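Here is a protein chain to look over together. Let's go through some of the labels attached to it and ask what backs each one up.

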Amino acid sequence: MNRTFYPLKNRILYLIIILTVIIVSWKNHSGNSVGEGGGKEALSTFELEPGFKIELVADEPLIADPVDMEIDEYGRMYVVEMHGYPLNKTGSGKIKLVTDSDKDGQMDKSTVFADGLTLPNSILRWKKGVMVTDAPYVLYFEDTDNDGRADIKDTLLTGFALSNPQHNLNNPVYGIDNWIYLGHEGAVGTQAYKEQFGDPGSEVYYPGHPESPRLARNASGRSVRFQPDKHLLETLSSNTQFGHTFDAWGHYFLVSNANHIFQEVIAAQYLNRNPELVVSNATQNISDHQNAAEVFPITKNPEHQLLTDVGVITSACGITSYQGGAFPAPFNNVTFVAEPVSNLVHVDRIKENGVSFTASRIHPNKEFLASTDSWFRPVNMYIGPDGALYVVDYYRQIIEHPEWMGDEVVKSGKLYNGSDKGRIYRITPKNAPSANWIKGLKLGDASVDELIQQLANPNIWWRLNAQRLLVDRRDRNAVQGLTEMARNTKSAHGRLHALWTLEGLGELTPGVIKQALKDPVAGVRENAIKLAELHLSEAPQLQNSLLSLKADPDKKVRFQLLCTLGSVNTPAASQVRNRLLFKDIKEPWMQVAALSAGASQSGALLKVVVDSFKTNDPAYASLVERLSTMIGTSEKPEVIRTLVQNSLVPGSTTQAVWKGALLKGLSQGIKNQQVKAELKGEQNALINAVFANPSKPVRDAAVGLLKVVGLQNDDTVEQAKTTAAAIAANRNRPADKRVEAIRFIALSNPAPYGDLLKNLIAPTEQPAVQLAAMQTLSTLPGTAVSQYLLTKWADLTPDIRNEAINTFLNDNARIAMLLDALENGIIQKSTIGWPRSVRLMAQRDVKLRDRARVLLTKDEGERAKVNKDYQPALALNGNSANGRNIFFKNCSSCHQVRGSLGVEFGPDLGTIHNWSGEAIMANILAPNMSISSGFDLWAVELKDGSSFQGIISTETPTAITLKNAGNEIRTIKRSEVKSLKALNMSSMPTGLEKQINHQQMADLIAYLKQNK
């Protein structure tokens, strides 16, 4: 062994360098600086959109654990403190009143306005006090003697579930229509904390007014709107998790964990009027960068919990439509969403998209606000009277709920770290003045005329508060000024708020509505239609004004008109509804709006659609299906039987398409046993259609209808099963025919055909046939299908494996077998994927859950072993420029980064920037540890004796395409394949540690972790 001796001077210098590295590393990795210091020190951790500045408004000790805020018309700031999250229900929650006592523009005093609250999470100024959500209650607090502490406490609503605090009712919002909207969703089941948070809720009602409306248990898991003065109470058509927002025209946007923005498109009152219309979802996802969108945090040493989905939106909350009037384009038409797990605030530009919208990133790989501090936890936002965006920072070490984290974290004592801290920040353009409202406001003392003028303010804070105050005062002297504002030509927002303020006062006249229906701004016309709808009974003359909008150039206006006309039962209204429907028939929501008018129109409308049917336009088939679903739900048995008989008669190509759609819709709508009994007489005709009808849509629908009605075993059925088995086994028959035959076998007990179905799960078979056979086998009770799939696992291609995993999740016995296969290395963790991993790690069976958590997270221990020699690399400062060169030399022959700099063979490494450095290094050094789904290596042996290895890039019913690291691509017919087996090894070679040293590893990691 060679030994080198250094002079003493060099050894001392070397020792100093080593100590310096250790100290820097300790500072960077120990986390001691995290959680220390106040809000002012935290300002240095932020990376904010250029052109904006961020300032501290309040921090500890003035406030702690803030989750929401409100600024009233006098400039008083109320802050909700939820100290009890996640498990403490002892009444530690508070409402703080935070003020500037010496009027120097700095918050310097806080008093407890209300306390003794369980888990309060949101607040709204209402009347002379505040409304607070604290499940199961909506509470009202008021200070009548001006001592800064509430002396009135009233329960407005009760009955909401007190379940996991992340899912309780929240965020009361004063809508432009004078209703108060409550964010809400169904109670989330809990296993670990069932006693504390297993409350399912009860009827939701006004406890002080038992005669008032009552909603079903926990409001059926939907959001709620109410008007306390009138004791009105309604459920909405949608739900949201924590937060919701309206745009300037009243369009309603929602949020839920991984889904950071979606819209309630159609309101509950339209769906409720036609119970036969089957609409399972009244919302539309509007993000063009997907649900669970990729995020770009800058957090140093993030702490993620067991079920945290790293690198994507997983805790979206506090959605806020910016309407402050102070931000420059494009930030004047955006929504902001908090993402506390990743320590950032995400922003989307909102663009028109027909009936709905599209939410798009402003920057491809950068967030509006992000922090290097892993304790920065933005949970809510607020638009202030100065047009600033206020960010509420809960500032905790851990934000996830212990239901979804490892037991060791729960027992560590970290759950409440940071509970004595909390911050509120103010974001404005760099040239914005200071927050003068802190010194006090006088809006509460404004005259009626002054309030009316504020309805045209560019800032929504002033508009909504002025509207609320005018409605509260109920001063008839406001009517003339409001009418004039409704007709002003300078401010569309002023006209809009004036209209709804008049409505709130009960002073809106048909004449003002008629004029608003002609407004040059589409948003005003859309709202005028809603207002006209409220007045149709006492002002039927408004119908003609509504009908005159049938050719309106704006699709959102036409959609609202179609919704409103559904309650107008006249020939003229029906004619306009049909015109609106067929003009925009490709828009699914227009179909829903048209069909919401009532089931009585279904037969007549079906004839109109069939007579004008266009085969090349899928929208027509969709409409036929929706209509026939309603008919199947509501029509008489003999009518439905006649429709089935007519649909089974072969016809033209056009007829075949609509007949298939009609049968499919009927099968979805039929629930009545009398109808099912009536259709048993059509069993033979349906069986004949399955095998003989020339139309695939009719054949598919016939199988679906037989499944609903149920097969009566007789000689015809047995003969049909024999025929089906022969078709399924015949490789010379088309794949769709074979799949139909397998689906027919599945209509009754498929056990006698088990061997046939097993033989069809082979790489030489078409994927559709394999999937149908596997799905049919999976319907058999027991674990036989699981046992068989495990013996054949090496032969299953990626698409088939993906579906095979689902068959293991049907019951606990199969899940246990899946976990055995994981433990024994038969199935790779990556094949299960993140959503199913979460399901396994959060299931009800405690033993299986705990075992799944160990198996699905065991790589952490393996990484430590594999990386032991390279651990020093993690403490080194990496140079991303050098790392790019190292990537090009060692990795680019198989990988790309965001679609460039390399060969598209293995996974694109542009998606791993959110991984920890340790995780990146572990996968570099031990690529077989976690093979990305779709990138494992396969060996194919052909019938001619040749062979080929590579990853499966694509597969079709007739062929498989493989490519190898040399970028050689080969397409192979399935009929030529003798065997196809997974090698359970990564296509990435091992031994990279022989090519790069510690510093080069640090440089490579730095390059892969950058966001560009």
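This is a predicted model: local features need pLDDT of at least 70, side-chain atom pairs count only at pLDDT 80 or more; totals for chains, interfaces and linings use all residues.

Q: Why is M485 called buried?
A: Its relative accessibility comes to 7%. Buried means under 20%, so M485 gets that label.

Q: Which residues is M485 in contact with, once neighbours within four places in sequence are left aside?
A: They are I452, Q453, A456, G494, R495 and A498. To count as a contact, heavy atoms have to lie within 4.5 Å.

Q: What makes D584 and R558 a salt bridge?
A: Their side chains come to 2.9 Å, N to O. The cut-off is 4 Å between a Lys or Arg side-chain nitrogen and an Asp or Glu carboxyl oxygen, so this pair qualifies. D584 is in the loop between α14 (571-583) and α15 (588-595), while R558 is in helix α13 (residues 555-565), so the bridge ties together parts 26 residues apart in sequence.

Q: Are D584 and R558 buried or exposed, and how do you know?
A: D584 has a relative accessible area of 8% and R558 is at 6%. The limit for buried is under 20%, so D584 is buried, and R558 is buried too.

Q: How do you know that R731 and E765 form a salt bridge, and what does the pair tie together?
A: The closest N and O atoms are 2.9 Å apart, and the rule asks for within 4 Å. R731 sits in the loop between α23 (715-729) and α24 (735-745), and E765 in the loop between α25 (754-759) and α26 (767-778), so parts 34 residues apart in sequence are tied together.

Q: Why do R731 and E765 get their accessibility labels?
A: R731, at 48%, is called partly exposed, because that label covers values between the 20% and 50% limits. E765, at 3%, counts as buried.

Q: What makes D795 and K792 a salt bridge, and which labels do they carry?
A: The closest N and O atoms are 3.5 Å apart, which is within 4 Å. D795 is buried at 11%, whereas K792 is partly exposed at 24%.

Q: How many salt bridges does the rule give, and which residues are linked in a network?
A: The count is 39. D72, E73, R76, R125, K127, D229, R468 and D472 are linked in a network of salt bridges.

Q: What makes strand β16 largely enclosed?
A: Four of the five residues in β16 (residues 252-256) are buried, so the rest of the structure largely encloses the strand.

Notes
Residues are numbered from 1 along each chain as its sequence is written. Side-chain values use heavy atoms; hydrogens and water are left out. Helices (H or I, at least four residues) and strands (E, at least two) are DSSP runs, numbered from the N terminus. Buried means under 20% relative accessible area, exposed over 50%, partly exposed in between (1.4 Å probe, protein chains only).
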